[in-house]
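Hi,

Here is the structure I said I would pass on.

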Amino acid sequence: MENQTKKLNIAVFPWLAYGHIMPFFQVSKFLAQKGHQISFISTPKNINRLPKPPQNISDLLTFVELHLPQIDGLPEGAESTSELPIPKVPFLKKAYDQLAPSLTQLLENSNFNWIVHDSLCHWVPRTATQLGINSAFFCISTATSLAFFGPPFELLNGHPRRPEDLTVVPKWIDFPCDVKFKLHEVLSHQDCVDPDVSDFERFAETVQSCQLVVIRTSPEFESNSLSLLRKLYGKPVLPVGFLPPSLQENDPKLGDETWEKLKQWLDKEEENSVVYIALGSEVTLTRDSMHELAYGLEKSGLPFVWVLNNRPLVEEKLGEDIVPSGFETRVSGRGLVWRGWAPQLGILAHSAIGGFLTHCGWSSVIEALGLGKRLILLSGANADLGLIARLLHGKGVGLEIPRDDKTGSFTSESVSELIRRVMVDKEGESVGETVKSMKEIFGNVELNNECLNELNRYLENWPV
């Protein structure tokens with residue numbers, strides 16, 4: 001831990017989703033290592049899911065529990081998106097908003113210099129300013145996604161007026177770019193939007209009211225988007241690096257029964273020959289789509305490991321027919337279907353894995369590119385996953401499975417063809433070379449720490 005002349009008291013308040021909480025926790029650990037006092041604020045169940053901080057910062061990183069109010073429509077005991085089907089997420093947002101009095105009281109009674117917060121708690125930066133506390137909005141996604149949504153006044157003045165407005169590249173993008181939504185992604189995301197306060201309103205008010213915007217990216221990957229955001233926002237925008245997970249900290253332990261079975265299977269396969277499939281814990285596909293995906297894997301003829309999370313995936317039910325009848329028997333020997341939790345980082349790090357069929361969650365993408373794996377892109381239809389898929393396709397680190405723009409449907413033939421293009425065909429060699437160069441950016445701890453150090457200097461020396 002470093003000695004600093006100026007110690008800060010920093011509150012950290014993420015959205016109630018594990019994909020948000022972990023990057024906030026990583027930044028918290030880094031800032032505590034710099035000698036700052038960190039109060040990590042969330043609900044009890046989310047805090048209990050976190051690993052214990054290293055012993056040398058345990059006195060500087062403390063957890064503060066706020067109890068989520070029970071509201072109509074929110075299942076009892078639910079405290080995170082991973083516990084909910086998509087249509088129930090708006091109720092979690094309403095409950096999150098009702099944490100405002102408790103958080104305000106905490107801020108009033110503590111001597112905080114900064115609060116690092118998410119985009120959905122649009123009321124936080126205004127409250128912080130009233131209390132003389134600086135606020136930093138931490139975006140756990142890409143700078144290109146933020147650039148796509150444009151300046152706050154556009155969103156607050158009625159853009160987009162129609163779902164179709166989001167299916168074209170916006171007028172303010174000032175560099176070559178083909179990042180835009182498909183219509184089915186826009187329509188599907190509406191299922192998780194709070195009708196009283198839209199996600200656009202939350203995001204725009206957050207950006208408008210905060211002092212500093214921090215993004216989980218690097219200038220080596222998104223320099224154009226970062227430059228554009230500084231123009232659009234008229235305030236400091238800092239890349240914080242990718243926060244790549246430590247394989248040493250997350251390495252599956254010998255003797256772990258789950259990992260031993262998976263490793264034993266992977267050890268028999270040739271280097272870079274296996275496709276790993278994981279659609280995250282919060283992506284919902286219909287039964288028909290799951291079956292088309294399965295048939296596509298079967299037709300590809302390639303070895304694969306498909307992890308099916310125990311969360312409701314198919315129309316809110318995890319039934320026996322989530323994969324087609326007889327599928328597992330037909331692919332036995334070259335395909336492994338794994339139900340339940342699996343150590344993703346350990347799987348991706350295994351030498352047998354050559355490609356990753358992903359829902360395009362940014363954390364999963366960072367893990368894969370940091371380990372040099374080619375991407376097969378099947379974006380989830382919520383949040384900005386579609387934008388991330390277009391960004392990655394454009395960067396040449398993967399190819400996107402073709403889908404119907406209006407319905408999101410896809411065929412087994414398109415899945416099979418795309419997998420082979422990435423893994424076997426000549427085109428895949430180009431993807432592999434690009435991924436190899438990206439590994440030097442995404443997996444470079446020193447490079448990423450430079451961004452974190454810049455954030456630390458900014459916080460310490462504010463106002464600049």
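This is a predicted model: local features need pLDDT of at least 70, side-chain atom pairs count only at pLDDT 80 or more; totals for chains, interfaces and linings use all residues.

What follows is a walk through the cores, the helix pairs, the cysteines and a few backbone details.

First, the ground rules. Residues are numbered from 1 along each chain as its sequence is written, and side-chain values use heavy atoms, with hydrogens and water left out.

Let me start with the cores. A nonpolar core here is a set of buried Ala, Val, Leu, Ile, Met, Phe, Trp, Tyr and Cys residues joined through side-chain atoms within 4.5 Å. Buried means under 20% relative accessible area, exposed is over 50%, and partly exposed is in between, using a 1.4 Å probe and protein chains only. The largest nonpolar core has 96 residues, and Trp306, Leu357 and Leu392 have the most contacts inside it. Who does Leu392 touch, neighbours within four places in sequence aside? Counting heavy atoms within 4.5 Å as a contact, the partners of Leu392 are Phe221, Trp362, Val365, Leu369, Leu375, Leu377, Val397 and Gly398. There is also a second, separate core of 31 residues, with Trp15, Leu107, Trp123 and Ala128 among its members.

Next, two strand residues. Helices (H or I, at least four residues) and strands (E, at least two) are DSSP runs, numbered from the N terminus. Val12 sits in strand β1 (residues 9-13) and is buried at 3% relative accessibility. Beyond its neighbours within four places in sequence, Val12 contacts Phe24, Ser28, Ile38, Ser39, Phe40, Ile41 and Val116. Val12 and Phe138 are 126 residues apart along the chain, yet their C-alpha atoms are separated by 9.7 Å. Ser42 belongs to strand β2 (residues 37-42) and is buried too, with a relative accessible area of 2%. With neighbours within four places again set aside, Ser42 is in contact with Leu16, Ile21, Ile47, Val64, Glu65 and Leu66.

Now the helix pairs. Axes are lines fitted to C-alpha atoms, for helices over the stretch in contact, and angles run from 0 to 180 degrees between N-to-C directions. Angles under 35 degrees count as roughly parallel, over 145 as roughly antiparallel, 65 to 115 as roughly perpendicular and the rest as oblique. A crossing is left-handed if the near helix is turned anticlockwise from the far one by less than a right angle, and right-handed if clockwise.

- Helix α1 (residues 18-33) and helix α20 (residues 445-461): the axes come within 11 Å and cross at roughly 65°, so α1 is roughly perpendicular to α20. The crossing is right-handed. Val27, Phe30 and Leu31 of α1 meet Asn449, Leu452, Asn453, Leu455, Asn456 and Leu459 of α20.
- Helix α13 (residues 287-300) and helix α18 (residues 412-423): the axes come within 7 Å and cross at roughly 45°, so α13 and α18 are oblique to each other. α13 passes α18 in a right-handed crossing. Residues in the contact include Glu292, Leu293 and Tyr295 of α13 and Val415, Ser416 and Ile419 of α18.

While you are at α20, check Tyr458, which lies in that helix and is buried at 17% relative accessibility.

How many disulfides does the structure hold? With a disulfide taken as a pair of cysteine sulfur atoms within 2.5 Å, the count is zero. For Cys121, the nearest cysteine sulfur is that of Cys210, 11 Å away, and Cys121 is buried, with a relative accessible area of 0%. For Cys451, the nearest is that of Cys139, 14 Å away, and Cys451 is buried as well, at 9%.

Last, the backbone. Most residues other than glycine have a negative phi, and most peptide bonds are trans. Cys360 has a positive phi, near 80°; this residue is in the loop between β11 (353-358) and α16 (362-370) and is buried at 0%. Asn272 also has a positive phi, near 60°. Asn272 lies in the loop between α12 (257-267) and β8 (274-278) and is partly exposed at 43%. Finally, Trp462 and Pro463 are joined by a cis peptide bond with omega about -5°, and Pro463 is in the segment after α20.

Cheers
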